[in-house]
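Have the viewer open and follow along.

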Amino acid sequence: MGDITEVTGMILSSMPVGEFDRRVLLTKERGKISAFAKGARKPNSPLVGITRAFVFGTFQVYEGRTSYTIRQASITHYFEAVISDLDAVCYACYFAEIADYYGRENLDAAGMLNLLYVSLKALANKKIPDTLIKCIFELRMIALNGECPEVFACKNCGGTQDLDTYSMTADGIYCHACHAPDGIQLEESTVYTLQYIVTAPLEKLYTFTVSENVLTELKMVLKRICAKHLDKQMKSEAMLPG
């Protein structure tokens, strides 16, 4: 048995494997890890609280050759309001799949973990539409991983005034005076929203709403940004409402 390590993290997915349950965890200290929990589905197991995804807390694990084993867990957040809402669960699964896509073992995942945590809290409190939460999560996660499109200056001339068009080909914003290949015309409020999502402090990320027209434009832009930066189709996206 290896040395016991305590990590802070969230379970992204779980799968029964014989008498063990396999967990994929996103942890602050070790990045994305695969961990097994023996007998977690038994009613008297000390690990019974980690039988499903999205639980957040601290986990005592020891490292094997290719995976970890969970020895003990102290759960601080179960996200019950998310689990009890089918639509919210679908979005949470989608967010977890994107975190799984970007997560790597032994890479710092504190930023991704914090983003996932506040995004699930946003799904739970229903202050803003789930579709807006999705747009915010997607863009912020892509930006967090160093792939943010240019949203602060024109991709052609470098100007910062009259930005009003998004180009998927150029992966950024164009000003009114420049021609944007395959451009999508945007309201000024939409451009500002994109800029805010990229730069806002995490605690302020889910504190606003937008008009229906801005939300429609955000959805169009994020669909193209995700198509450019995510090289796989997320299976859970097919479950999303609407």
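Is Lys126 buried, partly exposed or exposed? At 38% relative accessibility, Lys126 counts as partly exposed, where buried means under 20% relative accessible area, exposed means over 50%, and partly exposed is in between, with a 1.4 Å probe and protein chains only.

Before going on, some housekeeping. This is a predicted model, so to speak of local features takes pLDDT of at least 70, side-chain atom pairs count only at pLDDT 80 or more, and totals for chains, interfaces and linings use all residues. Residues are numbered from 1 along each chain as its sequence is written, and side-chain values use heavy atoms, with hydrogens and water left out.

**The overall picture**

The protein chain has six helices and eight strands; helices (H or I, at least four residues) and strands (E, at least two) are DSSP runs, numbered from the N terminus. Reading from the N terminus, the order is β-β-β-β-β-α-α-α-α-β-β-β-α-α. The C-alpha trace spans about 65 × 35 × 30 Å along its principal axes. Of the 242 residues in the chain, 48% are buried. Among contacts (heavy atoms within 4.5 Å) with a separation of 6 or more, 58% link residues 24 or more positions apart.

| Residue | Location | Relative accessible area |
|---|---|---|
| Thr190 | helix 5 | 0% |
| Ile50 | loop between strand 3 (31-38) and strand 4 (56-63) | 1% |
| Lys126 | loop between helix 3 (110-125) and helix 4 | 38% |

Ile50 is buried. Leaving aside neighbours within four places in sequence, its contacts are Ile11, Arg23, Ala37, Val55, Phe59, Ile70, Ala73 and Ile75.

Lys126 and Asn213 are 20 Å apart, C-alpha to C-alpha, and 87 residues apart in sequence.

Thr190 is buried too, and beyond four places in sequence it touches Val214, Glu217 and Leu218. That leads us to the next helix.

**Helix 6**

Helix 6 (residues 212-229) has 18 residues and reaches 26 Å from first C-alpha to last, close to the 26 Å expected at 1.5 Å a residue; the expected span is 1.5 Å times one less than the number of residues. Its buried residues are Val214, Leu215, Glu217, Leu218, Val221, Leu222, Ile225, Cys226 and His229. Seen down the axis of helix 6, they fall within an arc of 165°, so they line one face of the helix; the arc is that of the directions from the helix axis to the C-beta atoms. On the other side, Glu212, Lys223 and Ala227 are exposed. The cover over the buried residues includes helix 2 (86-102), helix 4 (130-144), strand 6 (163-167), strand 8 (183-185) and helix 5 (188-199).

**The largest pocket**

What is the volume of the largest pocket? It is about 490 Å³. Of its 20 lining residues, the closest to the centre are Lys134, Glu138, Lys223, Glu237 and Leu240. (A pocket is an open set of points on a 1 Å grid over the protein atoms alone where a 1.4 Å probe fits, with protein on both sides within 12 Å along at least five of seven lines; lining residues have an atom within 4 Å of a point.) Helix 6 gives the largest share of the lining, six residues.

Technical notes:
Points joined across faces, edges and corners; volume = space filled by probe spheres on them.
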